[in-house]
Protein chains: 2
Amino acid sequence: MGGYKNRILRVDLTTRKFEEQTLDNSLIHDYIGGRGFGIKLLYDDLKPGIDPMGPDNELIFLAGPLSNTTAQSFSRWKVFFKSPLTGGYFKSSGGAHWGSELKAAGLDAIVIRGISENPVYLWASEGHYELRDASYLTGLDCDDTTELIREELRDPLIRVACIGPAGENKVRYAGIFSDRHTAGRGGGGAVMGAKNLKAIAVRGRLPMEYSDAAGFAEASKAWMEAIRTDRGYPHFSEHGTQGTAGLTNSLGMYPTKNFREGILKGYEALDGAEFKKVRVRKTACHNCMIHCPSIVHISSGRWAGNWSEGPEYETIWGFSGPIGVADLGLTVAADRLCDRLGIDTMSCAVSIGFAYELYEKGIITKSDTGGLELTYGNGDAALKLVEMIAARQGFGDFLAEGVRIMSKKLGRGTEKFAMHVKGLEFPAYDPRGAKAHGLSLMTLPIGADHNSGYSFQEIFGVRYKGQKIDRFAVDGKGELTKWNQDFTATQETGILCNFAGGYMRGSHQMLGKLLATATGVKDFEDEAYLWKVGERIFNLEQMFNVREGFSRKDDVFPDRITKETLPAGPTAGKVFEADILLADYYKQRNWDSNGIPTPEKLQELGLGFTISK
Amino acid sequence: MGGYKNRILRVDLTTRKFEEQTLDNSLIHDYIGGRGFGIKLLYDDLKPGIDPMGPDNELIFLAGPLSNTTAQSFSRWKVFFKSPLTGGYFKSSGGAHWGSELKAAGLDAIVIRGISENPVYLWASEGHYELRDASYLTGLDCDDTTELIREELRDPLIRVACIGPAGENKVRYAGIFSDRHTAGRGGGGAVMGAKNLKAIAVRGRLPMEYSDAAGFAEASKAWMEAIRTDRGYPHFSEHGTQGTAGLTNSLGMYPTKNFREGILKGYEALDGAEFKKVRVRKTACHNCMIHCPSIVHISSGRWAGNWSEGPEYETIWGFSGPIGVADLGLTVAADRLCDRLGIDTMSCAVSIGFAYELYEKGIITKSDTGGLELTYGNGDAALKLVEMIAARQGFGDFLAEGVRIMSKKLGRGTEKFAMHVKGLEFPAYDPRGAKAHGLSLMTLPIGADHNSGYSFQEIFGVRYKGQKIDRFAVDGKGELTKWNQDFTATQETGILCNFAGGYMRGSHQMLGKLLATATGVKDFEDEAYLWKVGERIFNLEQMFNVREGFSRKDDVFPDRITKETLPAGPTAGKVFEADILLADYYKQRNWDSNGIPTPEKLQELGLGFTISK
């Protein structure tokens, strides 16, 4: 395997014991790394039925095999755990510099289990591992936590992944933050909080080792050229995800007032051109030429003095569509507040948007909200709710559970417009306007995530096998969804950033060259093999959930998407044809009609070990 | 002069021009550095009558000749300007690392004048000087400003001195902050704000040069030994200024309810032992073995999750005595809030305390305060006021002017309990309980400052020329005050931290050795000469104010101190005998009965140039 090693640190917070482990070569061959290792380790380590907030849950922090190399856009880190929001398998991804620093510190992964008696943080650097007292960080926001750890360890170059008050308070959609980037989704922050783990600080200067350094350099250069010459690159590099609101509104699929409308009045105020006006500068994750994020600053008006790194499209939407207001400054203030308090903006925003509809319907009143008037257009109330959620204070304690539990507690038919799949709140795409995109949201083991099978063919008009795709059509969407999901699964072994995935131009060829020259595994140059690994990963994720009791009953949308229609715009009058789409999808995957992978499929993928006897 | 140089950078913000200057050797001989240079440059540069908020005012940032050397406790930096609070000469001091970094960047001083058209910050590093756009920092607190500048310049080791929103909004007692330490007093932050200067960032790695390196090393070691073996060192190193509230309450001179009482009910909750319980760790300024500051963190109760570096004694008092509440957590929250918003806690607290008394007396009501109930014990209202002051919002706009202007606007006899001298709000010592300490507050050119002539003989019982000093006595207090003031003036040429000044044991011998071996100026070994320089500095400061129209009429206390008495405790029944004490003081200084230095005294001190023809 040349210079490629895979080093894992296992930490038991209950016993305060550390164990170093080097992964078997066969595991590297079969799962490559990144998302492959994440699901395999989690599947092997976790018994079904464990409490996500209990000591037996794990947090598996991973950098990919191409992290901290010269290859562009591979610096994302991932966290794997059983989600307190979904009760199933979860993967969440963060950016900035923590992943590459983890590699430079000498580790590919850190596996956390147990529960610490007192608040601690983990400090890992080139073979030195230490659990340090974090009681003095309790209640601190993500910025202050990072700063004080750097001061305590007297090294401002330390990278910190941490939770804010929301994670400590086990808000079910609390995220894990590093330098204002976040592994936001699924409640990893709540799991950290439940483990009494405030942060993981890493720092190192170990060089990368390549199996074939010259070959890797060549592959890395070719990949850089591919990015540079891609037609989509200049626009995305210029605007990042801040250019998306204009597009999705023009498609009539910008979820507004809790998915009751598809176009937000005044959405033009949230366009990429508007964000460009308040931009301070572009920023970037470690070794990424795309530099899609930016720092923005509001210099006048109601929100003067507010700034943020971001907001990304999902956050821009989260604090506009769900509460019926198009105010750029509000999205900036909300983004910064969530970054500091440690909350996933998406689940937070959908929970708030749900509350606004409940309020409009009279299902909740001022006496429930602590006096807040949750009327559409009232952005101040949404900001106040964010603070209350992070602190689990008053009405915020209810919202901190996410819409699935909220609707279960409320009853009265509210589950019909509680916008989640498997407990994970929806992203900013109305599935009625993009059927493969919707089908992916419906079927992903982690729930309604937009990034694990993004249908760029439907949203951006990219051709699939030479064909233009009709976003409203039903035919062929099972195949397309499988393609998008498996393609992403392979890329996330890298770990390639999802935003850069498109520049691979629908092929695993470049990725395979990079992986093979880095690790020395020749099979990685075989595109068909890489496709197989992607499918293997996806099916193993599904089997994790099957083991937990998941089946077709969990691949379900709220009635709003399958029975109601949008009143206006290009997506008006459409519903999501769930039964037809799902049947096609299961067939494409060779899963049975209950959404369970068949034994044949599992054997074919080398997943025979998941078949219960 | 050996290796000693004195390099000044002059920056005109209006013309955006830089000018480098090396000071004359004669200036070094006559004024040594630090406070000596500050007043001399300011006196020479400023015409009388200029607007403190206008382009002709200067901000002179200085490190001392012993900054960034191996000598302990010389890392403080100073800022000199005409104060928007007093209309006179001002000097303000900050700690942490900015001063030594300025030296390492190759500068002893930066002199700022003019007004920038747009918000800028200054970046200075080893001969590179640059005004950079700061519009994106507008409205940001001191922490975020520091972080974003470090990110922009891609160097986390940069040291930043900056203002927060309070400075931008020209709050008259806005401070200048660096790494949570502050040159807080006198409104330097407001002057920076008026100049559209958000920050000064410095970084460098230039080594120090000594005229006599071996001699300096020896002197530096002796000084370290003197600190280490001082009887007061262990206690002060252990508690810092957090050990003071117990003492001043026991002396009955802890100003309570706007100086109407001398003991705060429940003050034991604010004792050093209580702060020790919430301490995270000690911190320190650059190269200071005393490490008197600390980081504290509140882990339970009403203020759980609040933390701060500090609070120092003055802040502990400021958010207890003036508002009649003894709540340790409140002082921590207030300290952090003021650090972030960029406000001098002392003037802020006295202004708030003034408002509480006005409210009690019915001179202001809820309709003035925007609904806040300023009743003694209401700490939440005080925190809210801090935010309103920084933003100059509503009632906060009135408080942002300081008590002198507040009382002038109100009339109705309120000047009798507007607690200031020359516009500078009082510190946490009741002058009725320490007459020399009070006399210094009354006579200092900068107003009611406790650190420029601290009567440790009265407060801590240190002997003066072998004698114990009766703190209530009037006799001999003119001489003692002059001694304390001139002694401090010499030490601040160093710039020696005032908290370390006591370890010099009443002598300039050790300081002289350090100064002489560093600079090569032999006269600095002559104690009598150093005393003369101190007196020269003090008299030149006085002449700056005389030129502005100051005289005896400005050396005045509010009636509360001279006519009213405290109702209980060891200082009960005492008044401050202003006339007798002041007459004695003027005589000791050889100033005339109007508080003007005589021509003979000025000639003797080499200050003939200040005598108007």
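Author: One term to start with: a salt bridge here is a side-chain nitrogen of Lys or Arg within 4 Å of a carboxyl oxygen of Asp or Glu. Keep in mind that this is a predicted model. With that rule in hand, look at A:Asp143 and A:Arg336, whose side chains meet in a salt bridge at 2.6 Å, N to O. Across the interface of domain 1 of chain A and domain 2 of chain A, the rule turns up five salt bridges. Polar contacts join in too: 29 residue pairs between these two domains are in polar contact, both partners at pLDDT 80 or more.

Which elements of domain 1 give two or more residues to the side touching domain 2? They are α4 (142-152) and α5 (165-168) of chain A. The largest share comes from α5(A), with three residues. Sorted by class, that side of domain 1 has 11 nonpolar, 18 polar and seven charged residues.

Now step back to the whole pair. The domain assignment of chain A puts domain 1 at 8-202 and domain 2 at 230-425, and also gives a domain 3 (431-495 + 557-610). The C-alpha centres of domain 1 and domain 2 sit 26 Å apart, and 36 residues of domain 1 are in contact with 37 residues of domain 2. Between them the two domains bury about 2900 Å², 48% of it on carbon and sulfur atoms.

Methods
Residues are numbered from 1 along each chain as its sequence is written. Chains are lettered from A and ligands numbered from 1 in the order in which they are written. This is a predicted model: local features need pLDDT of at least 70, side-chain atom pairs count only at pLDDT 80 or more; totals for chains, interfaces and linings use all residues. Side-chain values use heavy atoms; hydrogens and water are left out. Domain bounds come from an automatic or database domain assignment. Contact means heavy atoms within 4.5 Å. Buried area is the accessible area (1.4 Å probe) that two parts lose on being put together, summed over both. A polar contact is a pair of N or O atoms within 3.5 Å; within protein, one must be able to donate a hydrogen and the other to accept it, and residues adjacent in sequence count only if both atoms are side-chain atoms. Helices (H or I, at least four residues) and strands (E, at least two) are DSSP runs, numbered from the N terminus. Ala, Val, Leu, Ile, Met, Phe, Trp, Tyr, Cys and Pro count as nonpolar, Asp, Glu, Lys and Arg as charged, and the others, Gly among them, as polar.
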